[in-house]
Amino acid sequence: MDEPRTAAVGVAVSAPETAGVAAGAPAETGRRALGPVALVLGGVVSVQFGAAIAVLLMPRAGAVGVVTLRLVLAAVVLLIVCRPKVRGHSRADWGTVLVFGAVLAAMNLLFYQAADRIPLGAAVTLEVLGPLTLSVIASRRLGNLLWAGLALAGVVLLSGGGFDRLDPVGAAFAVGAGVMWATYIVFSARTGQRFPQADGLALAMAFGAVLSLPLGIMEAGSKLIVPSTVGLALAVALLSSVLPYTLELLALRRLPAPTFAILMSVEPAVAALAGLLLLHQGLSFTDALAITLVIAASMGAVRTQAGARKAERHRLAELKAGAERAR
């Protein structure tokens, strides 16, 4: 998982519903629906292929060095583009954005450590468990236990009965990254409420870069300033941070949040594809089945949550209509 992610598998931040279209224009409706879907899928592809390039870069600068370069370069780009205001914010605002930046840095450090040890598709699949668990807890619906069980079945298949097949350390890093991803979702929403546009993200990214910089220097030293390494790291920063964030931001203006989250559920499959094409990491039938189960669980959790919200809105509308008739 690579930041920035506006929403995540199983949990989505609120987004405006798609604009209504006249009933007599189904073709236009289809075109308008496909546009934001293409933007989201483009962002997913960008993130995961950026992660694959980061894995190729690790022999040059190490996992921590690559994370440091990516966070620093992404922070520079976002600070230039967003030009966030640093004045006029409360102490609580700064506390939120600093925690957000720390979580962001930890999430990426853990994920890149995982990707350095286990296949990319497996790393993203295990990482997805964080947001999926958050979705199940947040929904408080018994039906979501079914999706949690399906995801657990996928994880058992992926581990082959024991994570030693994957490298237990790498698997643990991926699960830790998932915990940070779930935490990221919470603080991303809080930061978005306190800071306009992408200002909070730019500031959090800068703080995350500052936190990771000493670690990157200790691991990679002068390798961090090799021009070819910096060039590849800039490509990773653009593919995994700047481009997907922009695409998702545009998509969420026209796409319902539950639909967005369902589309994000395909990330493990795209990660596996990127690992196959760029890193030559093949998938066994069991691995592919495990990834499919986790994706299905994520989609199911989102649909259950969206259905519950729709039913609640319908119930409230009926109560309101009944109250008005009783007047």
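## Close-up views of an all-helix chain

**View 1. H280 is found in the loop between α10 and α11 (285–326).** This is a predicted model, where local features need pLDDT of at least 70 and side-chain atom pairs count only at pLDDT 80 or more, while totals for chains, interfaces and linings use all residues. Residues are numbered from 1 along each chain as its sequence is written, and side-chain values use heavy atoms, with hydrogens and water left out. Look at the backbone of H280: its phi is near 60°, a positive value in a residue other than glycine. H280 also counts as exposed, at 68% relative accessibility (exposed is over 50% relative accessible area, buried is under 20%, and partly exposed is in between, with a 1.4 Å probe and protein chains only).

**View 2. D167 is another non-glycine residue with a positive phi, here about 95°.** You'll find D167 in the loop between α5 (144–159) and α6. Its relative accessible area is 26%, so D167 is partly exposed.

**View 3. Zoom out for a moment, and the chain shows eleven helices and zero strands.** Helices (H or I, at least four residues) and strands (E, at least two) are DSSP runs, numbered from the N terminus. Of the chain's 327 residues, 49% count as buried. The chain exposes about 15,000 Å², and carbon and sulfur atoms supply 67% of that (accessible areas come from the Shrake-Rupley method with a 1.4 Å probe, and for residues only the protein chains shown count as cover). Among contacts with a separation of 6 or more, residues 24 or more positions apart account for 88%; a contact means heavy atoms within 4.5 Å.

**View 4. Helix α3 (residues 120–127) is largely enclosed by the rest of the structure, because eight of its eight residues are buried.** Going along α3, the buried residues are L120, G121, A122, A123, V124, T125, L126 and E127. Pick out L120 and see what surrounds it: leaving aside residues up to four places away in sequence, L120 touches Q48, A51, A52, F111, A115, A271, A274, G275 and Q281.

**View 5. The largest nonpolar core has 81 residues.** A nonpolar core is a set of buried Ala, Val, Leu, Ile, Met, Phe, Trp, Tyr and Cys residues joined through side-chain atoms within 4.5 Å. The members that touch the most other members are F111, Y112, L120, L126 and Y184. Helix α1 (residues 26–82) gives the most to this core, with 22 residues.

**View 6. Three aromatic pairs turn up in a search of the whole structure, and two of them are described here.** Rings of Phe, Tyr and Trp (its six-membered ring) pair if their centres lie within 6.5 Å; planes under 30 degrees apart count as stacked, over 60 as edge-to-face and the rest as tilted. W94 and F195 make an edge-to-face pair, 6.3 Å centre to centre with 70° between the planes. This pair links distant parts of the chain, with W94 in helix α2 (residues 91–115) and F195 in the loop between α6 (168–194) and α7 (199–220), 101 residues apart. W94 is partly exposed at 26% relative accessibility, whereas F195 is buried at 3%. F100 and Y184 make a tilted pair, 5.0 Å centre to centre with 45° between the planes. F100 lies in helix α2 and Y184 in helix α6, so this pair ties together parts that are 84 residues apart in sequence. F100 is buried, with a relative accessible area of 2%, and Y184 is buried too, at 1%.

**View 7. The side chains of D93 and R194 meet in a salt bridge, 2.7 Å from N to O.** A salt bridge is a side-chain nitrogen of Lys or Arg within 4 Å of a carboxyl oxygen of Asp or Glu, and the count by this rule comes to one. D93 lies in helix α2 and R194 in helix α6, so the pair ties together parts that are 101 residues apart in sequence. D93 counts as buried at 11% relative accessibility, whereas R194 is partly exposed at 37%.

**View 8. L56, L273, L276, L277 and L278 make a nonpolar surface patch of about 420 Å².** Patches are made of residues with over 30% relative accessible area and no salt bridge: like charges are joined within 9 Å, nonpolar side chains (Val, Leu, Ile, Met, Phe, Trp, Tyr) within 5 Å. Helix α10 (residues 267–279) supplies the largest share of the patch, four residues. L278 lies in helix α10 and counts as partly exposed at 30% relative accessibility.
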